[in-house]
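My entries follow in the order I made them.

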Amino acid sequence: MIRHLVLAGILLTAPLASAAAQQQGLSLDNILTMADAERRGPVDQYLLGRQAAAELAANSKLLPAGHALTDYLRRVVHTLALGSNAPYVYRGPVVGVLDTPEINAFAAPGGFIMVTTGLIDFLDGEDELASILGHELGHIELEHTLYEMRNAVAGKMWQQATGAKDMDSGMTKWIKQGYSVEIEAEADARGIALAAAAGYDPRALIGVLERFRSRTNS
């Protein structure tokens with residue numbers, strides 16, 4: 001319900017901006033058409049995720065799909081996905097390893113998960129790895145990127161209705177830079193639950209985050 005508040009706010013406040021909306025050529029039909037376009041099924045999500053994964057890998061070396069490290073991460077992800085509320089996606093999960101010292105991991109719609117070799121070197125054992133991969137699965141399961149994209153579309157509607165300043169709606173912006181504290185905490189909680197359900201130590205994520213904060217002050 002909360003995820004539709006921005007669109008609801010536009011519909012409720014539309015009368016207040018009716019003159020501006022008419023000037024911009026925005027109607028209720030336009031709003032409903034744009035909102036309907038954001039209803040993305042499994043294939044749509046897969047195509048979005050593939051696009052995002054390609055952009056993420058554009059500036060880093062991607063280890064081959066058959067590489068031992070990639071295969072290992074894939075097996076851990078599939079184990080975690082057994083406890084997910086959305087264990088089956090169109091062609092996934094799809095796991096990739098970026099050969100870069102950056103300490104990071106990314107999740108994209110459709111089951112795409114990208115992990116850096118820097119993060120793998122940073123982690124201490126499979127429990128910590130599972131906690132991070134569970135966090136990324138949480139983003140996918142809870143459709144956090146799609147949520148941000150829907151909000152961006154709602155923002156575009158608001159701009160058309162009010163003439164407000166342009167807003168950035170790039171998909172990879174959220175994937176690369178992270179989400180709000182509330183959304184990241186939601187993914188943390190889901191990741192802990194998925195790791196615990198698969199038999200991993202659910203406390204491992206706490207240690208990872210504390211070490212990461214001490215190293216990066218982030």
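**Entry 1: α4.** I listed the buried residues of α4 and got Gln-45, Tyr-46, Leu-48, Gly-49, Ala-52, Ala-53, Leu-56 and Ala-57. Buried here means under 20% relative accessible area, exposed means over 50%, and partly exposed is in between, with a 1.4 Å probe and protein chains only. Seen down the axis of α4, these buried residues fall within an arc of 165°, so they line one face of the helix. The arc is that of the directions from the helix axis to the C-beta atoms. Helices are DSSP runs of H or I with at least four residues, strands are runs of E with at least two, and both are numbered from the N terminus.

I noted the source of all this. The model is predicted: local features need pLDDT of at least 70, side-chain atom pairs count only at pLDDT 80 or more, and totals for chains, interfaces and linings use all residues. Residues are numbered from 1 along each chain as its sequence is written, and side-chain values use heavy atoms, with hydrogens and water left out.

I then checked the length of α4. At 1.5 Å a residue, its 16 residues should span 22 Å, and the end C-alpha atoms are 22 Å apart, which agrees. The expected span is 1.5 Å times one less than the number of residues in the helix.

Leu-47 also sits in α4, which runs over residues 42–57. I found Leu-47 partly exposed, with a relative accessible area of 40%. Its C-alpha atom is 8.3 Å from that of Pro-109, 62 residues apart along the chain.

**Entry 2: whole chain.** I counted 11 helices and 4 strands in the protein chain. The chain has 218 residues, of which 42% count as buried. Among contacts with a separation of 6 or more, 70% are between residues 24 or more positions apart. Contact means heavy atoms within 4.5 Å.

**Entry 3: α5.** The buried residues of α5 are Thr-70, Leu-73, Val-76, Val-77, Leu-80 and Ala-81. They cover an arc of only 140° around the axis, which puts them on the same side of α5. I looked up their partners and found β2 (94–99), β4 (112–116), α6, α7 and α10.

I took Thr-70 as one case from α5, which spans residues 68–81. Thr-70 has a relative accessible area of 0% and is buried. Leaving aside neighbours within four places in sequence, Thr-70 is in contact with Leu-63, Pro-64, Ala-65, Val-95 and Val-97.

**Entry 4: α11.** How far apart are the end C-alpha atoms of α11? They are 18 Å apart, and at 1.5 Å a residue the 13 residues of α11 should span 18 Å, which agrees. I found Ala-204, Leu-205 and Val-208 buried in α11. They cover an arc of only 95° around the axis, which puts them on the same side of α11. On the other side of α11, Arg-213 and Ser-214 are exposed. The buried residues of α11 pack against α6 (117–122), α7 and α10 (181–197). After α11 comes Asn-217, and I noted its positive phi, near 55°.

**Entry 5: α7 against α11.** I compared the axes of α7 (residues 126–141) and α11 (residues 204–216), which come within 8 Å and cross at roughly 85°. That makes α7 roughly perpendicular to α11. Axes are lines fitted to C-alpha atoms, for helices over the stretch in contact, and angles run from 0 to 180 degrees between N-to-C directions. Angles under 35 degrees count as roughly parallel, over 145 as roughly antiparallel, 65 to 115 as roughly perpendicular and the rest as oblique.

At this contact, Asp-127, Glu-128, Ser-131 and Ile-132 of α7 meet Ala-204, Leu-205, Val-208 and Arg-211 of α11.

I followed up Glu-128 in α7. With 9% relative accessibility, Glu-128 counts as buried. Not counting residues up to four places away in sequence, Glu-128 touches Leu-123, Ala-204, Val-208 and Arg-211.

**Entry 6: Glu-143.** I placed Glu-143 in the loop between α7 and α8 (144–162). Glu-143 counts as partly exposed, at 27% relative accessibility.
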